[in-house]
Amino acid sequence: LGSIGSTLIGIIAGFSVDYVVHLAHAYEIAKGDTYDRITEAFSDLGISVFNGMITSVAASIPLFFCQLQFFAKFGTFLCLTIAYSWIFANFGFMTLLAQLKIPLKEKGCRL
């Protein structure tokens, strides 16, 4: 495993779960049944997650044309990781939540 692969593996942990964590947090703090929670999670953070994906992908596109191998590979890796992560978070994870209907108890005031 070379230095490029090692660097990319270290970065993938954060990028691959970023959107799932944001939507899961929005789902957790939402009120109501599963459908209401999913709707509120998408309405609260859906556009922010989408805009984050767009800006990250747009930032990685110029890296495709770099002459240095590290930056070209990093741009491709970043673009694909962000795209797959967004697709899974919006279509895989939220669908899984809708199907499993995981009950969440209402919590009181936490300090």
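Trainee: How many disulfides does the count come to?
Mentor: This is a predicted model. A disulfide needs two cysteine sulfur atoms within 2.5 Å. The sulfur of C66 has its closest cysteine sulfur in C79, at 14 Å, so the gap is too far for a bond. The count of disulfides therefore comes to zero.

Trainee: Which cysteine sulfur is closest to the sulfur of C79, and how far away is it?
Mentor: C79 is one of the α3 residues that meet α2. The distance from its sulfur to the closest cysteine sulfur is too far for a bond. That closest sulfur belongs to C66, at 14 Å.

Trainee: Is C79 buried or exposed?
Mentor: The cut-off for buried is under 20% relative accessible area. C79 has 15% relative accessibility. That value is under the cut-off, so C79 counts as buried.

Trainee: Where is C66, and which residues is C66 in contact with, leaving aside neighbours within four places in sequence?
Mentor: C66 is placed in the loop between α2 and α3. Its relative accessibility is 29%, so C66 counts as partly exposed. With neighbours within four places in sequence left aside, its contacts are F71 and A72.

Trainee: What is the orientation of α2 and α3 to each other?
Mentor: Helix α2 covers residues 34–60 and helix α3 covers residues 69–100. Their axes lie 10 Å apart, and the packing angle is about 175°. Angles over 145 degrees count as roughly antiparallel. The two helices are therefore roughly antiparallel.

Trainee: How many nonpolar, polar and charged residues does the contact of α2 with α3 have?
Mentor: From α2, the residues include I38, F42, V49, F50 and M53. From α3, they include L78, I82, W86, M94 and L97. By class, the contact has 14 nonpolar, five polar and no charged residues.

Trainee: Which residues does T34 touch, not counting those up to four places away in sequence?
Mentor: T34 lies in helix α2. Its relative accessibility is 14%, so T34 counts as buried. T34 is also among the α2 residues that meet α3. Not counting residues up to four places away in sequence, T34 touches Y27, L97, A98, K101 and I102.

Trainee: Which backbone oxygen lies 3.1 Å from a polar atom of the side chain of R37?
Mentor: R37 has its place in helix α2. R37 is buried, with a relative accessible area of 4%. A polar atom of its side chain lies 3.1 Å from a backbone oxygen, that of E28.

Trainee: Which residues does A41 touch, not counting those up to four places away in sequence?
Mentor: A41 lies in helix α2. A41 counts as buried, at 0% relative accessibility. Not counting residues up to four places away in sequence, A41 touches L23, A26, Y27, G46 and M94.

Trainee: What separates the C-alpha atoms of A41 and H25?
Mentor: A41 and H25 are 16 residues apart along the chain. Their C-alpha atoms are separated by 8.1 Å.

Trainee: What separates the C-alpha atoms of I87 and I61?
Mentor: I87 sits in helix α3. At 43% relative accessibility, I87 counts as partly exposed. I87 and I61 are 26 residues apart along the chain. Their C-alpha atoms are separated by 18 Å.

How values were computed. Residues are numbered from 1 along each chain as its sequence is written. This is a predicted model: local features need pLDDT of at least 70, side-chain atom pairs count only at pLDDT 80 or more; totals for chains, interfaces and linings use all residues. Side-chain values use heavy atoms; hydrogens and water are left out. Axes are lines fitted to C-alpha atoms, for helices over the stretch in contact, and angles run from 0 to 180 degrees between N-to-C directions. Angles under 35 degrees count as roughly parallel, over 145 as roughly antiparallel, 65 to 115 as roughly perpendicular and the rest as oblique. Contact means heavy atoms within 4.5 Å. Ala, Val, Leu, Ile, Met, Phe, Trp, Tyr, Cys and Pro count as nonpolar, Asp, Glu, Lys and Arg as charged, and the others, Gly among them, as polar. Buried means under 20% relative accessible area, exposed over 50%, partly exposed in between (1.4 Å probe, protein chains only). A polar contact is a pair of N or O atoms within 3.5 Å; within protein, one must be able to donate a hydrogen and the other to accept it, and residues adjacent in sequence count only if both atoms are side-chain atoms.
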